[in-house]
Amino acid sequence: MNSETDHASEELEFAADALNKISTSIRQVFVGQETVVNDLLRCFVASGHVLLEGVPGLGKTLLVRALAACFRGETGRIQFTPDLMPSDITGHSIFNMKDSKFEVRKGPIFTNILLADEINRAPAKTQAALLEVMQEQSVSIDDVTFQVESPFMVLATQNPIEQDGTYPLPEAELDRFMIKSMIDYPDEKTEASIVELVLQGKHSTSLNVDAIEPCVSVSEIERLRRVTALVEVDESVLSYAIRIVRETRFAPGINRGASPRASIATIAMARVAAMQEARSYVIPDDVKSVALPVLRHRIALTTDLEIEGKNTDSVLEDLLNRVDAPRS
Amino acid sequence: MQIEKLQVVLKPRSMWESADLGTQLAVRWFFPLSVSWILLALPFLLISFQFDHLLAQLVFLWWFKPLYERAVLMSLSILTFDGRLTIRAILGGFTDIRLWFYLTIFRFSWARSEHTPIDALEDLDFNAQSQRRHWLYASDSRIAFLVSLFGLLIEAIIVVALVSLFYFLTQSDFNSAYAGVLKILNINEISKEESVFLTIAIFIAMGISAVFYVSVGFATYLDRRTIKEGWDLELGFKKIINRLGIVVFGFILVVPSVDLLANEYGDDIDETLTRVLSTPELNQSTTIRVPEHLSEYVQAMLKVEDVEPTRYRVGIGSAVMAWILRFILISALVVMIGFFFYKLYEKYGTGSASINKGGKAPPQIIRVRKLPRNVHRTIQTYWSDGQFRDALALLYSATVVYVDATFSCDILDSDTEGDCIRKTKNIDADSRDAFRVITQTWLRLAYGNGTPSEESFQTAMRLFEQHIAPS
């Protein structure tokens, strides 16, 4: 019993340390946006996918490359456009004249971290090409199923402005993103630090991701993901998370509530949050801290609230204020 | 007035049937009649806003009602006789001297709806108008009285409905809406904005009721003229003349003199007339149809024997109006009851504050839990009995309640342990540290199944007694 406890403690300490290292490494080149980095990291360890919303030029690509650089992982980038085809993402089979047989040419999806840039610019058919890989971690090309490499994460971005000619993500796909993180303009001090960092680097116009030394290996990423299972979730905390998610289904002002997948995602994210503090158990604060990114893309506000200019975050904050925290 | 172009069927009607006809006229031409009313009344509304006191505004608006109604009456008479509706034609009705009498003490006359058509539509002098009223209505103004009363009632209902609607749509909860309605109806306490709204509501109500009020009066007038002057017969003859005009003209050309024929066959004509006048059709008794339950009274009053009790027949227009009014009132009642229960459910049913369209939820201050009389002893008892979770749950809950009560931290039921610590960062250092230690002890046990040692528990209890809730 004691050895098990010791092992768990060791694993948790390792996890907290590894997460801290990754976070520090990313911050070497990606200044500010602590919440976004934290959300991304938690989601990555929780084996989820991230939908990132923000205007262009805020460092989304840099963030992906920085995360991949931390474990020497591969990154892929697909710029979604209206004429993008599903096979441009997944890959396709092509007839080899020399060998007289079909051979599969894998698409950019076969990578560790895939940046799906401006995902809402492609039609639903193309967006749906990501559904299988996001859920099953596998890709089917001409009846042959291929497993993607682990760790795998899709980081999709969408632009909150310039909505002309975009295709809003279908609910089924939105639900597959574990979190939606909002990346906003940095404050003045942070922006000054960014500019200063760029000027110090070799490249005068961009931050140098090569400066990041890999701090964890791929196997350690896998180990991190296994450690999350060691984090205990008390019944009262589980109940608290479920009550929050259920409240979205009945709350006035919300047209469509979150699915049970949201409850699973909340707990998974909360476990990583606890792990970051080397804690072997989840507390209600962990749940509350991940509720916004987990739920904000899973609910739809009623038309009158949208007309009034209310956003999902303020509605969710009110909702969190209505769900009693466990105290006994 | 071109009677042959009349757009309604004239026939002798009971007073209720003529009221029904008036309602149908109002419904048929509601839009042009309303527009004519608004065009004349709107300047008075704007002028009324110059008065500081609401009562003065309302009295001013009300006092000049005969002027606006005159526009409606002129429009209605033009439309009824298939005339061309022009401003000049409407203004023609304002030359009547008696119109200005209605702006004096005669403003309080109940019979205005009946008398105005005589004044406006018949080119008579003052005395002739009075004689004609007596002759036409025979001092019977029952329908005019009832129409005035009904109009007042409708106005009051519309005003209350508009005010209620406004407050129920603008206020977030039932109590505020109800208070608003009560407040606005007490004209001494309302604000400037509310007084403007109330004036406009009364203006709208006056406009709606005026169309029906004038139309019913006009229909009654038509009916009285039909009965007393045989307008229906006149109309019939005029139509026949129009159709047979050419034949008659030819007949006159062919026959040298009608008088000649009359002289020659005078005796025969007398005989024929005597025979016709003695036919049963022209000597039948009048049958008075009265409502069944009133038959005895009518019999006694009129001192006649042949009173035929009958069921009163309501005209289709009145029936439809009555049905619509009933439907509106019942619907309004149902909606109000539903709204009331919805608000009750929203407030108490879910056990939580409403989200209020995404607005910030009202703070839900931590409920004062039922703590045992002696918290310290109860916690110790739980602990010594091995009920560690209960002991620490009570310790933590009591700590939150005492801290919230002592330092007014506004801790909510939805606040997690971390939120509570953040809210207590400004309290004195000893209490804050004590709160942190107790919270950490509680967290380890509650969510990590880490039962604290005896020493940890006693430390937490000591801190509780020293800094949070001295026994």
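User: In chain A, what percentage of contacts between residues at least 6 apart in sequence join residues at least 24 apart?

Analyst: Two residues are in contact if their C-beta atoms, placed from the backbone, lie within 7 Å. In chain A, 77% of those contacts join residues at least 24 apart. This is a predicted model, where local features need pLDDT of at least 70, side-chain atom pairs count only at 80 or more, and totals for chains, interfaces and linings use all residues. Residues are numbered from 1 along each chain as its sequence is written, while chains are lettered from A and ligands numbered from 1 in the order in which they are written.

User: Where in chain A is confidence lowest, and where highest?

Analyst: pLDDT is the predictor's confidence in each residue, from 0 to 100. Where it is low, the predicted coordinates should not be read in detail. Chain A has a mean of 87. Helix H13 (residues 303-307) is lowest, at a mean of 79, and helix H12 (residues 284-295) is highest, at 95. Helices are DSSP runs (H or I, at least four residues), numbered from the N terminus.

User: Which residues have the most contacts inside the largest nonpolar core?

Analyst: In soluble globular proteins, nonpolar side chains tend to be buried together. A nonpolar core joins buried Ala, Val, Leu, Ile, Met, Phe, Trp, Tyr and Cys residues through C-beta atoms within 7 Å. Buried means 20 or more other C-beta atoms within 10 Å of the residue's own. Here the largest core has 119 residues, and A:Ala66, A:Leu67, A:Leu155, A:Met269 and B:Leu395 have the most contacts inside it. Helix H11 (residues 260-276) of chain A gives the largest share, 10 residues.

Terms used
Helix = DSSP H or I, 4+ residues; strand = E, 2+ residues; numbered from the N terminus. Buried ≥ 20, exposed ≤ 12 C-beta atoms within 10 Å, placed from the backbone.
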